[in-house]
Amino acid sequence: MMISGAAHALSLDVPQTVTQGDMITGFVTPPTAKVTLNDTPLHVGQDGRILFGVARDEQGPLRLTVTLNTKTIAQTLRVTPRSWSIQTIAGLPKKFVTPNPQQQARIKADQAKIKATRTAPITNDFLAADGFAKPAAGPISGIFGSQRILNGIPKAPHYGLDIAGPVGTPVVAPAAGVVALVDPDMFLTGKTVMMDHGAGVYSVFIHMNDISVKAGETLQAGSPLGTIGATGRVSGPHLHWGMTVAGTPVDPARVLGER
Ligand SMILES: [Zn+2]
């Protein structure tokens, strides 16, 4: 039974414990409430959905507050740490491990382009509420969060899931979204596609061989994106699938539910 007063009740539904690398979905009632995560405002969908990423090195606790008029409720979320493996990759061409100044400038320009895409959302509506599926068939050859040692030199963590497969293996959209970026030749990432899944959630697909979509196209889950390749900085053909939520890299394997 609906009690009239219940319509004004403020509520927050989120997990009490989250894990490093998670994409977390919560719901807020009413959707007109203001929500912050550690003092940073979060977008609230028309259905009250909130989405945020838990960074690889987040120690927590995280604090969510929901405010409507003069009422505020708050919830503290504990963060479960993970241990990160070390990924050693040898035999990469020297230009990828110790790039010269000209190559560094290219890397910087590519990264700026990716960042600009992530900060110019096409839509605030979350288009991928039906969930995510693996974008290519094949064994997992690289996991999120690994510390990478390239030709003996420690580098930034690996922020994605690698799926190995021969050149030409089909790559499909893991969820619905809009193609936000297509680049035929980035220095590290090679042929690169980005999808905007709405509400600040992005996928990036790199090292592709062929790209069969154009920026601005709306895709359903399972729509073709192109094929697995070996473009950019790779030691062999594979698809690297990265995901970010409001700029925070999250673990696609956790999003898939393969933990
Ligand atoms: Zn990768």
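## Close-up views, one residue neighbourhood at a time

**View A. Gln-20 and what surrounds it.** Leave out the neighbours within four places in sequence, and Gln-20 is in contact with Val-54, Ala-55, Arg-56, Asp-57, Glu-58, Gln-59, Val-79, Thr-80, Pro-81, Arg-82 and Trp-84; contact here means heavy atoms within 4.5 Å. A quick note before going on: this is a predicted model, where local features need pLDDT of at least 70 and side-chain atom pairs count only at pLDDT 80 or more, while totals for chains, interfaces and linings use all residues. Residues are numbered from 1 along each chain as its sequence is written, and side-chain values use heavy atoms, with hydrogens and water left out.

Back to Gln-20: look for this residue in the loop between β2 and β3. (Helices, H or I with at least four residues, and strands, E with at least two, are DSSP runs numbered from the N terminus.) Is Gln-20 buried or exposed? Gln-20 counts as buried, at 2% relative accessibility. For the cut-offs, buried means under 20% relative accessible area, exposed over 50%, and partly exposed in between, using a 1.4 Å probe and protein chains only. The Gln-20 side chain reaches two backbone atoms: the nitrogen of Arg-82 at 2.9 Å and the oxygen of Arg-56 at 3.4 Å. Such a polar contact is a pair of N or O atoms within 3.5 Å; within protein, one must be able to donate a hydrogen and the other to accept it, and residues adjacent in sequence count only if both atoms are side-chain atoms.

**View B. Arg-82 again, this time with Asp-251.** These two form a salt bridge, with the closest N and O atoms 3.0 Å apart. A salt bridge, by the rule used here, is a side-chain nitrogen of Lys or Arg within 4 Å of a carboxyl oxygen of Asp or Glu. The partners come from distant parts of the chain, 169 residues apart: Arg-82 is in the loop between β8 (71-80) and β9 (86-89), and Asp-251 in the loop between β21 (248-250) and α3. Asp-251 is buried, with a relative accessible area of 3%, whereas Arg-82 counts as partly exposed at 28%.

**View C. Asp-22 and Arg-254, another salt bridge.** The structure holds 6 salt bridges, and in this one the N to O distance is 2.5 Å. How many residues apart are Asp-22 and Arg-254? They are 232 residues apart, with Asp-22 in the loop between β2 (17-19) and β3 (23-29) and Arg-254 in helix α3. Asp-22 is buried, with a relative accessible area of 8%; Arg-254 is buried too, at 14%.

**View D. The open sheet β1-β3-β6.** Three strands line up here in that order, and the pairing is antiparallel. Two strands pair if DSSP finds at least two bridges between them; β1 and β3 are joined over 3 bridges. To find your way around, spot Ser-11, which stands opposite Thr-29 in β3. Which strands stand at the edges? They are β1 (11-13) and β6 (49-53), each with a single partner strand, so one side of each has no neighbour in the sheet.

**View E. The largest nonpolar core.** This core has 30 residues, and those with the most contacts inside it are Met-23, Phe-126, Phe-132, Val-201, Phe-205, Leu-225 and Met-243. (A nonpolar core is a set of buried Ala, Val, Leu, Ile, Met, Phe, Trp, Tyr and Cys residues joined through side-chain atoms within 4.5 Å.) Elements giving two or more residues to this core are β13 (161-164), β16 (190-196), β17 (201-211), β19 (224-228), β20 (238-245) and α3 (252-256). Of these, β20 gives the most, with 4 residues. Zoom in on Val-201: apart from residues up to four places away in sequence, Val-201 touches Met-23, Leu-51, Phe-126, Phe-132, Met-195, Asp-196, Met-243, Thr-244 and Val-245. There's also a second, separate core of 19 residues, including Leu-10, Val-14, Val-44 and Leu-62.

**View F. Asp-183 in strand β15.** The strand covers residues 177-186, and Asp-183 counts as buried at 7% relative accessibility. Not counting residues up to four places away in sequence, Asp-183 touches Lys-113, Gly-190, Lys-191, Thr-192 and Ile-211. With Lys-113 there is a polar contact of 2.5 Å between the side chains.
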